[in-house]
Amino acid sequence: MSQDVLQADHLQVAFDTENGELICVDDVSFSVASGKNVALVGESGCGKSVTSLSILHLLGKHGKITGGTVRFQGRDITHLPEREMDHIRGAEISIIFQEPMTSLNPVLTIQYQMEEILRLHTGNSGQENHKEVQRLLTLVGIPNPERVLKGYPHELSGGMRQRVMIAMSLACKPKLIIADEPTTALDVTIQAQILALIKSLHEQTGTSLLLITHDMGVVAEMADEVVVMYAGQVVERADVFELFDHHRHPYTEGLMQSIPQLDGDVSVPLTPIPGMVPSLREMGTGCRFAPRCKYAAPECSARAPALVEVKPGHYVRCHKYGEEGNADG
Ligand code: SF4
């Protein structure tokens, strides 16, 4: 049985705002087993990225973990001092952001930035580091690594910059890579190449992957397990096959119906989920999805559903499935 590399239990994250504390992530639990790929999925504003940033303590000065725990390789890192988190970030857990230009320093060469990671986290000589960054760039499909190393980020295309970021994320052989919408900022033609690259490196290296995405097509291609988030909460969680074949939460159903089918009838329009993710300030006492849910009943607005295990490993937060996990719908 594979061991969990990452475990979030009842995680709660809040931000200080002018109008007081705002809870953006509420009671989020999931785990990433060794060598597995877990997808956190949901629309923009569902709390996926905040969840992943909280794991790395990258919430900025206004955000903080206000409840629950994060364990990495069995160690509680929820409130680890910054000095110790520095050793974990980049070396043991690395992150690939949506827009590589926000992570790459525009005034430093790629060589300097890549070798710096190795300088900080390994005791290798300069020559060893140089060889290693060449190897990493070759691994991510960059044909002329030396030319790229001499260049600056703005001299590369978006796809090449993301390949560099992926190479950097692998530099210290991390146990976990968090990929936060890694293809959203890229041209459609490049997106598939980058996803294929991430998938193949994940398989080759055995590194666990936490993939943040809004795209169920990407989830189907990449994930072993899926955590569906809505308005800061987990609403459904299951193995990818179980989720695609037997999803239960009405929000997951809506996400599924909005996936284009290549072999489907093109005359049948995709069905968008009506409405928008509510503002976190406007949460009522009931189910957060109720204003958009076609199955909403009076009790849905009156009482918040709990996340219940409807069958082994499959969790749903919806009154349709009862508080004891007895599916009635
Ligand atoms: Fe819809 Fe009610 Fe289930 Fe919420 S609890 S998802 S409103 S059926």
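Predicted model: local features only at pLDDT ≥ 70, side-chain atom pairs only at ≥ 80, totals over all residues.

Modeller: Is tyrosine 251 buried or exposed? Its relative accessibility is 0%, and because buried means under 20%, tyrosine 251 counts as buried. What is tyrosine 251 in contact with, once its neighbours within four places in sequence are left aside? The list is Gly42, Glu43, Cys46, Val228, Met229, Tyr230, Val235, Ile273 and Phe289. For a sense of distance, take glutamine 204: tyrosine 251 is 47 residues from it in sequence, and their C-alpha atoms are 34 Å apart in space.

Alanine 231 has a positive phi of about 45 degrees, although it is not a glycine. That alanine is in the loop between strand S9 (225-230) and strand S10 (233-239). Alanine 231 is also buried, as its relative accessible area is 0%. Histidine 57 is another non-glycine residue with a positive phi, near 55 degrees, and you'll find it in the loop that links helix H1 (48-55) and S4.

S4 takes us to the sheet. Four strands make up an open sheet, ordered S2-S1-S4-S5, with antiparallel pairing. Its edge strands are S2 (20-33) and S5 (75-76), each of which pairs on one side only. Strand S4 covers residues 63-72 and is joined to S5 by two bridges, the two running antiparallel. Across that pairing, phenylalanine 72 stands opposite arginine 75 in S5.

The residues surrounding the ligand are His249, Pro250, Cys287, Ala290, Cys293, Tyr295, Ala296, Cys300, Cys318, His319 and Lys320. Sorted by class, that shell holds eight nonpolar residues, two polar ones and one charged one.

Now for the spaces. The largest pocket has a volume of about 570 Å³. Its lining has 18 residues, and those nearest the centre are Arg89, Gly90, Ile95, Ile117 and Met168. Strand S6 (93-96), helix H3 (110-121) and helix H6 (158-170) each give at least two residues to the lining of this pocket. H3 has the largest share, with five residues. In terms of class, the pocket lining splits into nine nonpolar, six polar and three charged residues.

Lining the largest cavity are Ile96, Ile166, Leu170, Ile177, Ile198, Leu201, His202, Thr205, Thr207, Ser208 and Leu209. H6, helix H7 (188-205) and strand S8 (208-213) are the elements that each give two or more residues to that lining. H7 gives the most, four residues. By class, the cavity lining has seven nonpolar and four polar residues, with no charged ones.

Note on methods: Residues numbered from 1 in each chain as written. Heavy atoms only, no water. Near = heavy atom within 4 Å. Nonpolar A, V, L, I, M, F, W, Y, C, P; charged D, E, K, R; others polar. Pairing = 2+ DSSP bridges. Buried < 20%, exposed > 50% of the residue type's maximum accessible area, 1.4 Å probe, protein only. Contact = heavy atoms within 4.5 Å. 1 Å grid on protein atoms, 1.4 Å probe; cavity = no way out; pocket = protein on both sides within 12 Å on 5 of 7 lines; lining within 4 Å. Points joined across faces, edges and corners; volume = space filled by probe spheres on them.
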